[in-house]
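Hi,

Here is the structure I promised to pass on to you. Have a look at it first, and then read on for what turned up.

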Amino acid sequence: MLFAPDTEESLNFVVALGNTSPGSSRSGEDELSTTGQLAALLTKWTYTGRIDHDEAELREVRDTRTLLRSVWVLERDEAVEVVNGMLRDAKALPFLTRHDQLDWHMHATSPDAPLAERIRAEVGLAFTDVIRMNETSRLRICEADDCDGLVLDLSRNGSKRFCTVRCGNRMNMIAFRERNGSSLGNARRARNG
């Protein structure tokens, strides 16, 4: 699957942001509960422009996380309405820009706009690409038990099922134990039988 680089980066950011929630995070805790945790996230995922580093910004980004997680699982036609609303609310006016080490890519709001608004606008643009390409099936929830991690499937055959290798390994181990448990039980019954 090939999306434009800025679309792919925005979608990967949604995965990183969405997977800070308690049911998705490695720790099982909310990994976006302090301004320090938000700052750490933003060192891995660069957002240029205004960053306030305050509690109000943290609340807005957490609300955005909830919104983006909900859009992630919507059917294509349902997602359109929400994505259009995100772009409309942000007063998005897409433009090309080049900064830092990045080549030409799109932004949709002023660098002075609040961080959460810029996130919603840029991710809204990424979602428009996914919707226009009819690839919403590439946006999934992890299939591992007790995990609601976001999965972005960029594989050629669209077969990615787990948010991390850890979840995949855990589910493979469970399946292995179930298979071997049944084979051992069947062998014992045949022997005793």
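N134 sits in the loop between α5 (115-132) and β3 (139-141). In this predicted model, N134 has a positive phi of about 55° even though it is not a glycine. N134 is partly exposed, with a relative accessible area of 47%.

A second case turns up further along the chain. D146, which is not a glycine either, has a positive phi of about 60°. D146 lies in the loop between β3 and β4 (150-152). With a relative accessible area of 80%, D146 is exposed.

R76 belongs to helix α4 (residues 76-89) and is partly exposed, at a relative accessible area of 30%. For a sense of scale, R76 and L38 are 38 residues apart in sequence, and their C-alpha atoms are 30 Å apart in space.

Now the overall picture. The secondary structure comes to six helices and four strands, and from the N terminus on the elements run α-α-α-α-β-β-α-β-β-α. Taken along the principal axes, the C-alpha atoms fill a box of roughly 75 × 35 × 30 Å. The protein has 193 residues, and buried ones make up 39% of them. Among contacts between residues at least 6 apart in sequence, 55% join residues at least 24 apart. The accessible surface comes to about 11200 Å², and 50% of that belongs to carbon and sulfur atoms.

Where does W72 sit? W72 is found in helix α3, and it counts as buried because its relative accessibility is 1%. Setting aside neighbours within four places in sequence, W72 is in contact with L11, V14, V15, F127, L139, R140, I141, L150, V151 and L152. As for distances, W72 and D129 are 57 residues apart in sequence and 13 Å apart in space, C-alpha to C-alpha.

- D30 forms a salt bridge with R65, with the closest N and O atoms 3.0 Å apart. This pair links distant parts of the chain, as D30 is in the loop between α1 (5-18) and α2 (35-44) while R65 is in helix α3, 35 residues apart. Both D30 and R65 are buried.
- E143 and R161 meet through their side chains in a salt bridge (2.9 Å, N to O). E143 lies in the loop between β3 and β4 and R161 in the loop between β4 and α6 (165-192), so the pair ties together parts that are 18 residues apart in sequence. E143 is partly exposed, with a relative accessible area of 44%, and R161 is also partly exposed, at 40%.
- R98 forms a salt bridge with D103, and the closest N and O atoms are 3.6 Å apart. At 51% relative accessibility, D103 counts as exposed, because the cut-off is over 50%.
- E135, R138, R140 and D153 are linked in a network of salt bridges. R140 is also one of the residues in contact with W72.

Which residues form a negative surface patch? They are D54, E55, E60 and D63. D63 has its place in helix α3 (residues 55-72), the helix in which W72 is found. D63 is exposed, with a relative accessible area of 55%, whereas W72 is buried.

After that, the surroundings of W72 and the buried pair D30 and R65 would be my next stops.

Best wishes

Definitions and conventions. Residues are numbered from 1 along each chain as its sequence is written. This is a predicted model: local features need pLDDT of at least 70, side-chain atom pairs count only at pLDDT 80 or more; totals for chains, interfaces and linings use all residues. Side-chain values use heavy atoms; hydrogens and water are left out. Patches are made of residues with over 30% relative accessible area and no salt bridge: like charges are joined within 9 Å, nonpolar side chains (Val, Leu, Ile, Met, Phe, Trp, Tyr) within 5 Å. Accessible areas come from the Shrake-Rupley method with a 1.4 Å probe; for residues, only the protein chains shown count as cover. A salt bridge is a side-chain nitrogen of Lys or Arg within 4 Å of a carboxyl oxygen of Asp or Glu. Lys and Arg count as positive and Asp and Glu as negative; His and the chain ends are not counted. The place of a charge is taken as NZ of Lys, CZ of Arg, CG of Asp or CD of Glu. Helices (H or I, at least four residues) and strands (E, at least two) are DSSP runs, numbered from the N terminus. Buried means under 20% relative accessible area, exposed over 50%, partly exposed in between (1.4 Å probe, protein chains only). Contact means heavy atoms within 4.5 Å.
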